[in-house]
Amino acid sequence: MTTSTKSWINRLTQFDRDGDTFRIREPRRGAVDRLFGGLIAAQSLAAAGATVDAGKLPQSLHTYFVRGGRYDADVDFHVERTRDGRSFATRRVTAIQDDAVILEMIVSFHQPEPGVDWSPDVTPALEFDAAAGKDSILDFGEWFELRTLPGDRSEFAVPPFWIRTRVAIEDDPLIRACTLTFMSDLGPVPAALPPQVELRAELGFAASLDHSIWFHRPFAPDQWHRYEVRPVNHNDSRGLAVGSLYAANGALVASVTQEALWRIA
């Protein structure tokens, strides 16, 4: 990538800024009307990161999707500087569209420091060589390459799968964390179904309710990563899923949790 060419995620996180208020006009996404949660979460992280010293990197985020947003409309991101410490910084982001709150996020940033580096060895739920290429995932197929379980013909990205961006992303920890945030919302909703419920297009209404990420290690978006997400609970029309994103060498890059609303018809 040349320095004059911005990646797709960089373009999607370009703001008009007024102090600690940031504004983006969302692009039109074909026939899709409902704003993708991973996009608005990535933009919220970018807004928070713009108010933090460059030496502090995203450590974790916790998001509530308050109501659905839409494309082709302005979104304002209001950042509250909750705390600035020597090692950590905390921000609260409120995303507003059409005078209504659509997202609330708390983000923590951490100054890297030396320490023990450990994560457990995990047997892959899907080996790379056993995975099959998949051409499209919802409305974002032009940005990602995907390898899923053979025979997966759904319109969703159903974990476990392997994923990478089709083009390189800027070597900027915040931009790459925004890419991971976007990517992490591709799999949890279908994964939050109980194992005995078959995923199908007419199954019912589904939506992300809340989403959390812990950023453990550096992320290279254009390299293959394995995303594993498993359901851990389902009741009261809500499914909870827990995910892990692994580099090709098995290193744990990020941990994810999401609760999804499933009103099954």
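Keep in mind that the model is predicted.

Let's start with R238. R238 sits in strand β12, which spans residues 238-247. Is R238 buried, partly exposed or exposed? Its relative accessible area is 26%, so R238 counts as partly exposed. Buried would need a value under 20%.

Now its surroundings. Set aside the neighbours within four places in sequence, and R238 is in contact with L209, N233, E259 and A260. R238 and A206 are 32 residues apart along the chain, and their C-alpha atoms are separated by 9.4 Å.

Next, R176. R176 belongs to helix α3, residues 173-184. Its relative accessible area is 17%, and the cut-off for buried is under 20%, so R176 is buried.

What does the R176 side chain find there? A polar atom of that side chain lies 3.1 Å from the backbone oxygen of I169. I169 is also among the contacts of R176 beyond four places in sequence.

Last, the core. The largest nonpolar core has 63 residues. Which of them touch the most other members? They are I40, F77, F144 and F182. Helix α2, residues 37-49, gives the most to this core, with 8 residues. As background, nonpolar side chains tend to be buried together in soluble globular proteins.

That's the tour.

How values were computed:
Residues numbered from 1 in each chain as written. Predicted model: local features only at pLDDT ≥ 70, side-chain atom pairs only at ≥ 80, totals over all residues. Heavy atoms only, no water. Helix = DSSP H or I, 4+ residues; strand = E, 2+ residues; numbered from the N terminus. Buried < 20%, exposed > 50% of the residue type's maximum accessible area, 1.4 Å probe, protein only. Contact = heavy atoms within 4.5 Å. Polar contact = N/O pair within 3.5 Å; in protein donor to acceptor, adjacent residues only side chain to side chain. Core = buried A, V, L, I, M, F, W, Y, C linked by side-chain atoms within 4.5 Å.
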